[in-house]
Amino acid sequence: MSARTLQLEKIAAPEDLEHVIPVVFSWNYIPRLPPFLVAQDWYFENPIANRSAHDPFSDNCFPIDPKAAGFPYHTGLTCLRHNRHWKAALDYAAELCELVAADKSYNSAKLSRGGNLATIAQRELAAPLGERFVTFAINLFPKADEERMKLIAVGILFVVMFDGGSFLALRVVPDLADVSTPDSWEEAPGEDLKNVQDDFVARMRGEKPSNSSETEGTTPLQTRIDEIVAMCRACDERTGTDAGHDFIERMLEWVMHAQPEPGVFTSPREYLDYRWMDAADWWLAAACKLSIASPVSLTEPVTAKILRLAGDHISIVNDLGSFDKELRSFEAGRTFVIINLVQVLRTSCGLSIDDAKAAAFVLQLLNEQEMLTECERLKTDERMTDEHWHFVDVLLLLCAGNTFYTMTTSRYGGEAARIKK
Ligand code: FPP
Ligand code: MG
């Protein structure tokens with residue numbers, strides 16, 4: 001889409017415009033929807049919005065409105081926010097990439113398709129600031145203060161680099177732009193990589209790695225990992241919460257999970273249940289919690305339904321946005337399976353690609369309707385405290401932010417989606 005069609009200056013209020021990360025892609029992943037399938041703008045007044053107490057985390061972000069700027073923002077979620085600390089977070093993530101690229105002990109392990117962790121780190125560093133996948137953090141967790149935004153940004157890098165599911169090599173999804181370079185989060189491990197993973201897991205737990213040697217000492221990367229763990233703990237001590245603890249534990253759960261074989265999914269529900277773990281949803285929920293130092297437990301029954309709906313939304317939007325890329329990789333023989341709702345709808349219902357995308361989008365709209373109904377129901381649920389409402393708020397921001405990321409990243413639409421000057 002050309003800059004003439006888009007009115008980028010309308011994406012935020014004039015005073016906030018200078019704080020918007022450069023938006024350089026506009027990817028309309030469902031260009032041929034039937035005209036009657038339109039997301040209705042979605043309003044929900046969160047009860048905490050009317051409380052007199054000021055929410056300090058709301059100062060870390062400001063509203064953005066991609067529809068006003070002409071973007072194909074395919075959701076009714078209007079609650080989208082933009083984080084103010086993105087530059088500090090991207091710089092901190094870049095420092096981590098530099099440390100990974102330079103670390104000899106972590107790079108003794110070769111990834112099965114060639115390269116090592118340094119390859120991943122260098123590829124991220126080579127991308128212009130606004131085109132890095134760490135932008136996920138900025139878009140998905142807008143209420144985080146600077147320190148928490150930095151933690152979540154490096155958390156995204158860890159989740160991607162130490163992706164447990166891909167250790168089974170079920171998926172190898174290269175980027176659209178460069179098929180010769182290994183993808184960031186779809187690699188398969190050898191024994192060496194397992195040692196690296198063990199060192200990482202032990203450090204994140206604050207334990208002494210079993211293979212550490214007194215003589216070799218600690219590398220700058222390992223020192224940084226230890227610092228990150230200490231920052232998470234300090235956040236918890238200051239706030240009396242366990243958000244940093246959950247952030248680490250849910251990350252390690254992701255890193256160590258063995259992905260079950262996807263098999264054949266006979267229904268969207270069966271598929272979305274499978275995808276919950278595959279999309280790192282527990283970690284996303286924990287990062288939401290850390291972003292506002294929330295004391296709520298992630299496994300409380302009262303928020304179980306809204307959390308599940310948010311996870312489904314993340315998966316559906318990702319699957320719609322990344323389907324073309326994933327299909328292309330599969331057809332070129334670079335992946336063994338397509339883990340994607342559009343594909344499930346194609347095969348289980350015999351639909352064409354466009355109809356399967358439309359059907360997936362209908363499921364997204366139904367999901368959004370159900371979220372609204374659940375939010376209204378929660379107003380009558382006596383178990384809901386202000387802290388629960390703050391958590392619901394960040395879950396909705398997560399879903400809106402993921403939709404924005406999917407549309408504005410280079411990852412899915414590639415060069416064809418670059419906004420022409
Ligand atoms: C991965 O999808 C991305 C998501 C499901 C969106 C939100 C998740 C994160 C930011 C956590 C990091 C993600 C993972 C799963 C490592 P995908 O596995 O279909 O990859 P894609 O980007 O190629 O679509
Ligand atoms: Mg995908």
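Predicted model: local features only at pLDDT ≥ 70, side-chain atom pairs only at ≥ 80, totals over all residues.
Local features need pLDDT of at least 70, side-chain atom pairs count only at pLDDT 80 or more, and totals for chains, interfaces and linings use all residues. Residues are numbered from 1 along each chain as its sequence is written, while chains are lettered from A and ligands numbered from 1 in the order in which they are written.

**View 1. Helix α9, residues 281-291.** Helices are DSSP runs (H or I, at least four residues), numbered from the N terminus. Eleven of the eleven residues of α9 are buried, so the helix is largely enclosed by the rest of the structure. Buried means 20 or more other C-beta atoms within 10 Å of the residue's own, with C-beta atoms placed from the backbone. Among the buried residues are W282, W283, K289 and D281. They pack against α4 (146-161), α7 (243-256), α8 (268-278), α10 (304-331) and α13 (386-408); contact requires C-beta atoms within 7 Å. Just after α9, A293 takes a positive phi of about 45°.

**View 2. The shell around ligand 1.** Ligand 1 is surrounded by 15 residues (C-beta atom within 6 Å). The closest are F136, A279, A280, N318 and S322. Helices α4 and α10 are the elements that give two or more residues to this shell. By class, the shell has ten nonpolar, three polar and two charged residues. Nonpolar covers Ala, Val, Leu, Ile, Met, Phe, Trp, Tyr, Cys and Pro; charged covers Asp, Glu, Lys and Arg; the others, Gly among them, are polar.

**View 3. V337 in the loop between α10 and α11 (341-349).** V337 has 13 other C-beta atoms within 10 Å, so V337 is partly exposed. That class lies between buried and exposed (12 or fewer). V337 and I138 are 199 residues apart in sequence and 30 Å apart in space, C-alpha to C-alpha.

Notes. Contact = placed C-beta atoms within 7 Å.
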